[in-house]
Amino acid sequence: MPELLLELFSEEIPARFQRRAAEDLKKAVTNALVDAGLVYEGARAFATPRRLALTVSGLPVRSPDTREEKKGPKVGAPQPAIDGFLRSAGLASLDQAKVESDPKKGDFYVAVINKPGADAVELLSGILPKILSDFPWAKSMRWGSGSFNWVRPLRAITATFGTENDEPIVVPFATAGIESAQTTFGHRFLSPDAIRVKRFDDYVTALERAKVVLDIDRRKDIIRGDADQLAFAQGLTVIHDEGLLEEVAGLVEWPNVMMGSFDPEFLKLPEEVIIATIRANQKCFCLRDASGKLAPNFIITSNIIPTDGGAVIVAGNERVIRARLSDAAFFYQGDLAIPLEHGLPKLEDMVFHAKLGTQFAMVKRLVDLAAEIAPQVGADVEKTKRAAMLAKADLVTGMVGEFPELQGLMGRYYATAQGEPAEIANALEMHYKPVGPSDRVPTEPVSIAVALADKLNVLSGFWSIDEKPTGSRDPFALRRAALGVIRIVTENGLKFPLKVDADLLAFFHDRLKVSLRDAGARHDLVDAVISADSNDILQVTQRAEALSTLLSSDDGKNLLAGYRRAANILAAEEKKDGKSYAGAVDQAALKLPEEEALAFAVDAVHAAVASHVGKDDYRGAMGELATLRAPVDAFFTAVLVNDADPAVRTNRLNLLARLRDTMHLVADFGKVAG
């Protein structure tokens, strides 16, 4: 079957846009093909710095004929309804419709719409220019006198359709004054001549000959593999950086890896500063030596094959990196000369948020909140207040001004160099963490106190001005802050009840549900252990784990079945009687040994469960509940709840209520599915 080859050749596309753009092109074209009745077998999209490409295989040469029956109004309906039906069905008169009968609704009109298929090339000629004009670039531009928008000036369009055995047809259309054709171009410097292509296979082969690797993932593999080999030959290892690798692969069409070096004197700088400088300014990878220390070398990825073995390219990069590292050393030494606390007044000039005030105002609130939290997590109050006061001081340093991603980390370096205790210095870095699911969590008490205070300070602040996440929008990363609190509490095993208003507590509940579900917990079990006033994150987590363990056992499954039976009986009888049963069991009214056994077991288990819950021992509490399986099974086998004697019936319903209330001490089993 025929295939479509589409290439949009342009000036250099920013690396950060390429992968998303390729996927957007694939989605837009394939969706439009399906809508047009052109069902395909497979599609692949590609991107290089100068092109987006798409191949769609297994396309039919025509869309199929279709027949649709469109139901209309009743016979005798008002004329406006008739006219609307005729317009929507494309009929000239009711003579072109047929009448069908429905035993209940009577006679109504039906239009039979036969739509002949269309030639695939004709359909593509209409589809492709619209996709290009509506393409969702994050940023786009116009050039010349035209009105067409693209990320960078568009230079050529390749659009061919045909089988592997035939000469393909050029899909005819024009965009931005450019006529579609079957001509592309190779590498800008190594093979700039025009290339005539027919279909995807010869297109890829021709590009390879013209020094273009079409697939970004293959370019990444080449860069990664060649860099590792070059480093290994020197006894070094590459510091891999997936984000940088993706960016570099988007900057080159024909990767060529080389190694440069810098003055070892710069290794006196913090290694994070060196890595950030080399990464940001030259898009180069850093390396480590055999001992794991940062090496005075870096990996360059060039887009050309230099005739001199790379000497000029390496020398140029070394010259720029030396200048940038010299700047970094200047910033670092200048920052070290000024005590961190001397920078605090400058925070008054930094607005955190128009409605929440300056960074200095946020720091004042942070200090107070951290001091309140410190005793709850076993942290020294004075050290915690000191760490909170200095937490944002590095924001006004030269280094963080140059590299904002180093905030917190530079605070730790400066605090250490200026003689602050280790707990305080570490807290300056760790109070921002965790910033993602794989990031570290603070474990030292002072760091924990400041990290919790920082996140709760931000959350409560934005809640106070009614700035909350909506849908996918979360510009202030409040979801991340809440998940950070949850991870800090749970991974450190902290009993830390949240003292927040109900609306913010509900937000934490939503984030906790997400966290637990991501960890594999069943959604219904999470719902069963969270109530509207659940403010102890660790307690909820432990209850969910204990409930999961209980219900994975045979005793737990059977007990759940008994609970449901009891709850259903109670619900039905309470509705019928118009009252609730409070669980006050009259021992003298117990008639059968099975109900006596259950009453005794429930009383004993109720006390034991309450004791375990009071000690936050939820596994122990669930274990106690599991012992109720046998007496519950025996009760429902031998006892008729709705006895003819009203007193006996009431007592048995109270016994079931007592069972229900006992199980509710640890979870709402009524919310458990299955």
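Tutor: A salt bridge is a side-chain nitrogen of Lys or Arg within 4 Å of a carboxyl oxygen of Asp or Glu. The model is predicted, with local features requiring pLDDT of at least 70 and side-chain atom pairs counted only at pLDDT 80 or more, whereas totals for chains, interfaces and linings use all residues. Residues are numbered from 1 along each chain as its sequence is written, and side-chain values use heavy atoms, leaving out hydrogens and water.

Student: Which residues are linked in a network of salt bridges?

Tutor: A search of the whole structure finds 51 salt bridges. A network of them links Arg19, Asp217, Lys220, Asp221, Arg224, Glu242 and Glu246.

Student: In which strands do Lys98 and Glu69 lie?

Tutor: Lys98 forms a salt bridge with Glu69, their closest N and O atoms lying 3.3 Å apart. The pair ties together parts that are 29 residues apart in sequence, because Lys98 lies in strand β5 (residues 98–102) and Glu69 in strand β4 (residues 66–74). Strands are DSSP runs of E of at least two residues, and helices are runs of H or I of at least four, numbered from the N terminus. The strands asked for are thus β5 for Lys98 and β4 for Glu69.

Student: With which residue does Glu100 form a salt bridge?

Tutor: Accessibility is classed as buried under 20% relative accessible area, exposed over 50%, and partly exposed in between (1.4 Å probe, protein chains only). Glu100 is partly exposed at 28%. Its salt bridge brings the closest N and O atoms to 3.2 Å, and the partner is Lys98.

Student: How many residues apart in sequence are the parts that Arg279 and Asp241 tie together?

Tutor: The side chains of Arg279 and Asp241 meet in a salt bridge with an N to O distance of 2.7 Å. Arg279 is partly exposed at 28%, and Asp241 is partly exposed at 24%. Arg279 lies in helix α7 (residues 271–282) and Asp241 in the loop between β13 (237–238) and α6 (242–249), so the separation of the parts, in residues, is 38.

Student: Which residues have the most contacts inside the largest nonpolar core?

Tutor: A nonpolar core is a set of buried Ala, Val, Leu, Ile, Met, Phe, Trp, Tyr and Cys residues joined through side-chain atoms within 4.5 Å. The largest such core has 130 residues, and those with the most contacts inside it are Leu452, Leu547, Leu625 and Phe669.

Student: Which helix contributes the largest share of this core?

Tutor: The core in question is the one of 130 residues. Its largest share is 12 residues, supplied by residues 445–464, that is, by helix α14.

Student: Which residues does Phe669 touch, not counting residues up to four places away in sequence?

Tutor: Contact means heavy atoms within 4.5 Å. With sequence neighbours up to four places away left out, Phe669 touches Leu547, Leu550, Leu551, Leu560, Tyr563, Leu625, Met663 and His664.

Student: Which residues make the nonpolar surface patch of about 290 Å²?

Tutor: Patches consist of residues with over 30% relative accessible area and no salt bridge, like charges being joined within 9 Å and nonpolar side chains (Val, Leu, Ile, Met, Phe, Trp, Tyr) within 5 Å. Accessible areas come from the Shrake-Rupley method with a 1.4 Å probe, and for residues only the protein chains shown count as cover. One member, Phe189, is exposed at 58% and is found in the loop between β11 (183–185) and β12 (194–196). The patch is made by Phe189, Leu190 and Ile305.

Student: What is the omega of the cis peptide bond that joins Lys433 and Pro434?

Tutor: Most residues other than glycine have a negative phi, and most peptide bonds are trans. Pro434 is found in the loop between α13 (422–430) and α14. The cis bond from Lys433 to Pro434 has an omega of about -5 degrees.

Student: What is the phi of Asp616?

Tutor: Asp616 is partly exposed at 24%, in the loop between α20 (593–614) and α21 (618–626). Although Asp616 is not a glycine, its phi is positive, at about 60 degrees.
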